[in-house]
Amino acid sequence: MGLDGIKVYLINKPKLKSMTKKVTLSLLAIVFATAASIQSCKKDDKPADKTTPTEFIADSTSFANFSNWSLDKTNFGPSPSLDVAHAGNDSTVTRKVYFKNGQARVNGAYPVGTICVKHSTNPAGTVNEIVGMVKRGNGFNPTTGDWEWFMLDANGKIAKDMSGMEMRGGASMMNGMCNGCHGKASSKDFTFSK
Ligand code: HEC
């Protein structure tokens, strides 16, 4: 039995070698196939893309309770970059900038759906201005990062003009004033405060 076994081993030795080769090769093949399937999984499933919309169209509920959001900046007094915008010429004004869910830039740009609100007030109560910017995406406003601009009312809802139209828009909003001034903050995806 023992001897026979050795014989068999000797006879089959070269065969065994080639088998080992084959096994190694097929193992390699499996490794590659697995790597490829992991890659293709990434390509096909794209879970991140499914949760990140290509366009986000805000409505009045989008700004609800903004004063409880992450307060990312508080500025006081006049600001040279504000001129008369956002009550920037009033030395008693406080300007608070909130980002919903504390959104931040990812690779230099805010994700579609990012919502930011700025609330300007003064102690006398003569200033109560709320503006918003929302990353709408989908080529909505290509000169300034596809942001949509908003004027909000005292309740944080989208303000309406005399004809009942919502005060929102892109490049032409406020005769292009929002776009024009925020264009200076291009290095921070058109936000000044963060
Ligand atoms: C003359 C320049 C100017 C104009 C015009 C302007 N902004 Fe701003 N905005 C600023 C500056 C500067 C800040 C930074 C915060 C601060 O100190 O007030 C700011 C801040 C903001 C913020 C908070 C996020 C950030 O960038 O810091 C929002 C939201 C915003 N502006 C919306 C608007 C909207 C909507 C309009 C048009 C109706 C507009 N802005 C027009 C200069 C301007």
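Modeller: The protein chain has three helices and six strands. Helices (H or I, at least four residues) and strands (E, at least two) are DSSP runs, numbered from the N terminus. Along the sequence the pattern is α-α-β-β-β-β-β-β-α. This is a predicted model: local features need pLDDT of at least 70, side-chain atom pairs count only at pLDDT 80 or more, and totals for chains, interfaces and linings use all residues. Residues are numbered from 1 along each chain as its sequence is written.

Biologist: What is the mean pLDDT of the protein chain?

Modeller: The mean is 81, and 70% of the residues reach 70 or more. pLDDT is the predictor's confidence in each residue, from 0 to 100.

Biologist: Over which residues does pLDDT stay under 50?

Modeller: Residues 5-11 are one such segment. Residues 30-47 are another. The model has zero contacts beyond four places in sequence for residues 5-11, and likewise zero for residues 30-47. Two residues are in contact if their C-beta atoms, placed from the backbone, lie within 7 Å. Where pLDDT is low, the predicted coordinates should not be read in detail.

Biologist: What makes the six strands an open sheet, and which are the edge strands?

Modeller: The order is β1-β2-β3-β4-β5-β6, with antiparallel pairing. The edge strands are β1 (70-76) and β6 (168-169), and each pairs on one side only. Two strands pair if DSSP finds at least two bridges between them.

Biologist: How do you know that β3 and β4 pair?

Modeller: Seven bridges join β3 to β4. The definition asks for at least two, so they count as a pair. They run antiparallel. Thr121 has Asn128 in β4 as its bridge partner. The hairpin of β3 and β4 has six residues between the strands, and Gly125 there takes a positive phi near 80 degrees.

Biologist: How many bridges link β4 and β5?

Modeller: Six bridges, again in the antiparallel sense, between β4 (residues 128-135) and β5 (residues 147-152). Met133 stands opposite Trp149 in β5. Val131 faces Met151 in β5.

Biologist: Why is β4 called largely enclosed?

Modeller: Six of its eight residues are buried, so β4 is largely enclosed by the rest of the structure. A residue is buried if 20 or more other C-beta atoms lie within 10 Å of its own, exposed if 12 or fewer, and partly exposed in between; C-beta atoms are placed from the backbone. Over the 194 residues of the protein chain, buried ones make up 22%.

Biologist: Why is Val117 called buried?

Modeller: Val117 has 22 C-beta neighbours inside 10 Å, so it counts as buried. Its place is in strand β3. Val117 touches Phe63, Phe66, Tyr98, Ile130, Gly132 and Leu152, not counting residues up to four places away in sequence.

Biologist: What makes the largest nonpolar core a core?

Modeller: A nonpolar core is a set of buried Ala, Val, Leu, Ile, Met, Phe, Trp, Tyr and Cys residues joined through C-beta atoms within 7 Å. The largest one here has 19 residues. Those with the most contacts inside it are Tyr98, Cys116, Val117, Met133, Val134, Phe150 and Leu152. β2 (94-99), β3 (115-121), β4 and β5 each supply at least two residues of this core. Among the residues that Val134 touches are Phe56, Ile115 and Phe150. In soluble globular proteins, nonpolar side chains tend to be buried together.

Biologist: Is Thr92 partly exposed or buried?

Modeller: Thr92 counts as partly exposed, because it has 14 C-beta neighbours inside 10 Å. Thr92 lies in the loop between β1 and β2. It touches Asn122, Pro123 and Ala124, not counting residues up to four places away in sequence. The C-alpha atoms of Thr92 and Asn122 are separated by 5.6 Å, with the two residues 30 apart along the chain.

Biologist: Why is Phe190 called buried, and Asp189 partly exposed?

Modeller: Phe190 has 23 C-beta neighbours inside 10 Å, so it counts as buried. Asp189 has 19 other C-beta atoms within 10 Å, so it is partly exposed.
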